[in-house]
Amino acid sequence: MSETNTESVVLVGVGGQGILLASEVVASAAMHAGFDVKTNEVHGMAQRGGSVIAQIRYGKEVHSPLVSLGSAKVLVSLEKIEALRYSNYLAEDGLAVVSNQVITPVTVSMGAAKYPDQVEEKLAKTFDRLILMDAAKIAQDAGNIKAANIALLGAMSTNLDLPQEAWHEAIKGCVKPQFVELNLQAFEAGKALS
Amino acid sequence: MAILMSGNQAIARGAYEAGISVASGYPGTPSTEILENVVQYKDTLYCEWAPNEKVAFEVAAAAAISGARSMVTMKHVGLNVAADPLMTLAYTGVEGGFVAIVADDPGMHSSQNEQDSRNYAIFAKIPLLEPSDSQEAKDFIKLAMELSEEFKTPVILRTNTRISHSRTLVETTERSGERNADFQKDPTRWVPVPLWAREMRVKVEERLGKLREAANKSKANRIEWRDKSLGIVVSSISYQYVREVWPEASVLKLGFSYPYPDDLIKEFSAGVDKLLVVEELDSLMEEHIRSIGIDCIGRDFIPGIGELSSDKLRQCRANMEGQKAPEYPIGEYVSELPARPPVLCPGCPHRGVFYALGKHDVVVTGDIGCYSLGAFKPLSRLDTILCMGGGVSMAHGMDKAGEKRKVVGMVGDSTFFHSGITGLLNIAYNKGNSTIFVVDNRTTAMTGHQEHPGTGLTLQGEPTVEASIEEIGKACGIKRVVTIDPYDIPTTMEKISAELEAEEASLIVSRAACPLRHRPVVEKVFQVDQDACVNCRMCTKIGCPAIDGGNDKPQINDVLCIACGICEQICPKKCIKLSDK
C-alpha cells in the first residue's frame with residue numbers, strides 16, 4: 001500500500017473496447033479482497049470512438065474516485081498509443097501493460113494527423129516497467145478476441161496485492177456464464193507474461 | 001453486504017427504498033442511468049420517460065400534489081426547461097414528498113455549458129441536498145422525502161458527473177414510507193392566482209427560515225474537528241478531494257447545503273483560525289459566508305471554471321502556502337499523438353444526410369444529439385448549436401433575418417419530440433421557408449438508447465402508440481413532407497435538392513435505425529479493391545471510423561464495417577465491393 005493507503009489503477013483505451021467491463025473486474029476483485037473501492041468512468045459523448053479512461057481506487061478508506069497524477073500503480077492500455085497519452089498518471093515505480101492493438105483515429109484516416117511511428121521505442125523510453133503484449137492473440141487463442149482486456153488484467157495482476165481467488169471470483173461475477181472459462185484462460189495466459 | 005453502485009444506481013435504489021410511487025424524467029448525461037435503474041422496480045412503482053423535462057417535472061409535481069411520493073430526473077440544462085413549473089411549485093408546495101434530481105456537469109464532459117444548478121435552489125427558495133458519494137445519494141432521497149413532507153416543499157437533489165458516474169459502496173435497506181394519492185381540494189393551496197399566490201409568497205419566506213433551522217440541526221451537515229488552524233467548508237464531490245489534500249484540516253461538510261446553516265457556519269468559523277471555502281463552479285457559499293460577516297478565503301485560490309480534483313486542489317494548497325506543488329508533466333510524446341475526437345459510429349445513418357447536405361451551400365442550424373458530431377471535420381456540415389429544439393426555431397429566425405443562403409434546421413427524433421414541434425409549428429404559422437430535417441434513428445441515441453414517443457415502447461417495456469413525425473409535421477401545417485432512406489445516397493441527394501429549391505417550408509424525415517442499438521449481424525462487409533483504387537480518398541471524407549485512411553490506400557476494417565454501403569455509393573471508381581468477412 002502507498003503512504004495514503006490507497007492503490008490506484010488506470011485503464012485507458014478507445015470507446016467500445018470493453019474498458020468498462022475491465023474496470024468492473026478490477027473493482028470487484030478489490031471488493032472480494034475486502035477493500036473499500038471507488039471507480040470512475042466518463043460516459044456519453046466520449047464513448048463514440050473517443051479516447052476513454054477508467055479509474056479504480058481501493059484501500060482501507062478511499063476518498064476521491066479520481067486517480068491523482070503520478071500515483072497509479074498500474075496503467076493498462078487497450079490500445080498501443082493511448083498509454084503514451086496518459087503516462088503521467090503512473091507512479092515512478094508503476095507498471096504499464098500495453099496491448100499492441102492499433103486503432104486508427106479518424107483524424108489519421110482523413111489525413112489531418114499521423115499515427116506515430118516507432119511506438120515500441122517510445123513506449124520503452126516512457127515506461128521503465130513495461131509489458132507490451134499481443135493481447136488480442138492471447139484472447140483469440142483462449143477462444144474469443146473480446147477477452148483481450150482480461151488478458152491485459154492478467155498481466156498486470158501480479159503487480160497488485162490482490163489474491164488470486166479475488167480475481168477469479170471477480171471474473172466469474174462480471175462475465176456471462178458461457179464466457180467465464182475462456183476469460184479465466186485469457187487471464188492466466190496474460191499472467192504468464194508478467 | 002455493501003454493493004458497489006454508481007451514484008445514479010444509488011439514487012434509483014433510494015427512490016425504491018424511500019417509497020416513491022412516480023418517477024419521470026428525460027435522458028441527459030450524466031443523469032440518464034437513474035431512471036434506467038429505477039425501471040427494475042417497475043412492479044412496485046411507476047416510471048416513465050417523458051418527452052421533455054418540463055413535462056416530466058409536471059407529472060411528478062402532480063403526483064406529489066395528490067399526496068404520493070415522486071421524483072423527476074434530468075441533467076442540469078434540463079432544469080432550465082423545467083424552470084417554469086419549478087418556480088411556482090415552490091409556491092404551492094406539495095403534499096407527498098417531491099424531489100427533483102438535477103445532474104450538473106462541471107468540466108462539460110458531455111454538455112454545452114457548465115451552469116451551477118445550486119442557483120435554482122436559491123432562486124426558488126427551496127432546500128438543496130448535495131451527496132458526496134453513492135451511499136449519501138441513496139440516503140438523501142429519503143431525507144428529501146422527509147423534508148419535503150415536513151415543510152410542504154419541493155426539494156432539489158443535485159448530483160454531478162463524478163457523483164453519478166463514480167461507483168462506491170452502498171448499504172441497502174427495505175422500502176418504506178409509501179403514500180397513497182388522495183387529492184384534497186383546497187384552491188388556496190393549489191391555485192396560485194394572484195389572490196392566493198400573494199399569500200403563498202409570504203409563506204415561502206417563512207418556510208425558508210424554518211428550513212434554515214432544520215439545516216442547522218440536520219445530520220446531513222456535520223463538523224469534523226481535526227487540526228483547528230484551518231477549517232474548510234465544502235459540499236458534494238469536492239469533500240472527497242478536500243479529505244485527500246487537507247487530511248489534517250477541520251471540515252464543515254454540507255449535505256443539506258441550502259438554506260445555508262448559518263449557526264453551524266458561525267460555530268465552525270469561530271473554532272478555526274482560518275476559514276477556506278472549497279466549491280466547484282460558482283462562489284455561492286463563499287459570498288454568503290462573507291455576507292453574514294465572516295471572513296474567509298476561497299475563489300482567490302480555488303478555480304471557478306471547470307471541475308475540481310485532488311490534483312487541482314493540491315496546486316491550490318501549494319499556492320496558498322507559497323510552496324511548489326509536485327508536477328507531473330504530460331508525456332514526452334503526447335504532442336505528436338493524433339487526437340481522438342468522438343465521431344459518428346461506423347454505419348451511422350446521419351452520415352448519408354451530412355454527405356448529401358455537404359453538396360449544398362446552406363447554413364445548418366443544428367441541435368443536441370449524435371448529429372452534433374456533424375459539426376466536426378471531415379463532415380463540417382452543421383453550423384450552430386444552442387439548446388434542445390433550437391435547431392428548428394433557429395432556422396426560421398435566420399431565414400427571417402434575411403440570411404442569403406438557404407437555412408436548414410436539423411434535429412433528432414427524440415429532440416423533435418422534446419421541443420422541436422413548437423418550432424415547426426412556428427415556421428408553418430409565420431410562413432417560414434426553412435427546410436427542417438428530422439434525423440430519425442428510432443431512439444435517443446447519444447445518451448445510450450432510451451425509448452421516446454416515436455419508438456412504440458415505454459420505459460417499462462410496454463408496447464404503445466408510435467407518434468408519427470410526418471403526421472405531426474402535416475398537423476402543424478407543413479405542406480411539403482418527405483421521407484428519405486439516408487443509406488440510399490442518390491435518392492437522398494435528389495430529394496434534398498428538390499426540397500432546398502422549394503419556395504416554402506418543408507420537412508424531411510430521414511429514417512433509419514441506429515445500428516449501434518440494433519447491432520445488425522453482417523456476413524459480408526465492404527472492402528477496397530486495392531488494385532482498382534486510384535487513391536482519390538473520397539471515402540475518407542465521410543469520417544467513417546471503419547475506413548482506415550492511414551495506409552497507402554484506404555482500407556476497410558472488417559470488424560468495424562457493418563456494410564451500410566454509403567462508401568460504396570460515393571466511390572467514383574466503384575472499387576469498394578462486398579466481400580466475405
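Colleague: What should I know before reading the model?
Modeller: Residues are numbered from 1 along each chain as its sequence is written, while chains are lettered from A and ligands numbered from 1 in the order in which they are written. The model is predicted, and local features need pLDDT of at least 70, side-chain atom pairs count only at pLDDT 80 or more, and totals for chains, interfaces and linings use all residues.

Colleague: How many helices and strands does chain A have?
Modeller: Chain A has 8 helices and 6 strands. Both are DSSP runs numbered from the N terminus, helices being H or I with at least four residues and strands E with at least two. The order along the sequence of chain A is β-α-β-β-β-α-β-α-α-β-α-α-α-α.

Colleague: Why is chain A called as compact as a globular protein of that length?
Modeller: Its radius of gyration is 16 Å, close to the 16 Å that the globule rule gives for 194 residues, so chain A is as compact as a globular protein of that length. The radius is taken over C-alpha atoms, and the rule is 2.2 Å times the number of residues to the power 0.38.

Colleague: What share of chain A is buried?
Modeller: Of its 194 residues, 61% count as buried. A residue is buried if 20 or more other C-beta atoms, placed from the backbone, lie within 10 Å of its own, exposed if 12 or fewer, and partly exposed in between.

Colleague: At what angle do H1(A) and H7(A) cross?
Modeller: The axes of helix H1 (residues 19–32) and helix H7 (residues 164–174) of chain A cross at roughly 130 degrees and come within 8 Å. Axes are lines fitted to C-alpha atoms, for helices over the stretch in contact, and angles run from 0 to 180 degrees between N-to-C directions. H1(A) and H7(A) are therefore oblique to each other; angles under 35 degrees count as roughly parallel, over 145 as roughly antiparallel, 65 to 115 as roughly perpendicular and the rest as oblique.

Colleague: Turning to chain B, what is in it?
Modeller: Chain B has 21 helices and 22 strands. Buried residues make up 54% of its 581 residues.

Colleague: In what order do the strands of its open sheet run?
Modeller: The sheet of 5 strands in chain B has the order E14-E15-E16-E18-E17, with parallel pairing. Two strands pair if DSSP finds at least two bridges between them. Strand E14 (362–365) and strand E17 (480–484) of chain B are the edge strands, each pairing on one side only.

Colleague: Where do E15 and E16 meet?
Modeller: Strand E15 (residues 406–412) and strand E16 (residues 435–440) of chain B pair in the parallel sense over 5 bridges. Met410(B) has Phe437(B) in E16(B) as its bridge partner.

Colleague: Which strands does helix H15 of chain B touch?
Modeller: Helix H15 (residues 350–357) packs on the sheet and touches E14, E15, E16 and strand E18 (506–511) of chain B. Contact means that the C-beta atoms of two residues, placed from the backbone, lie within 7 Å. H15(B) is mostly covered, with 8 of its 8 residues buried.

Colleague: And Cys564(B), is that buried or exposed?
Modeller: Cys564(B) counts as buried, because it has 23 C-beta neighbours inside 10 Å. Cys564(B) is in the loop between strand E21 (555–556) and helix H21 (566–570) of chain B.

Colleague: What does Cys564(B) touch?
Modeller: Not counting residues up to four places away in sequence, Cys564(B) touches Gly347(B) and Tyr487(B).
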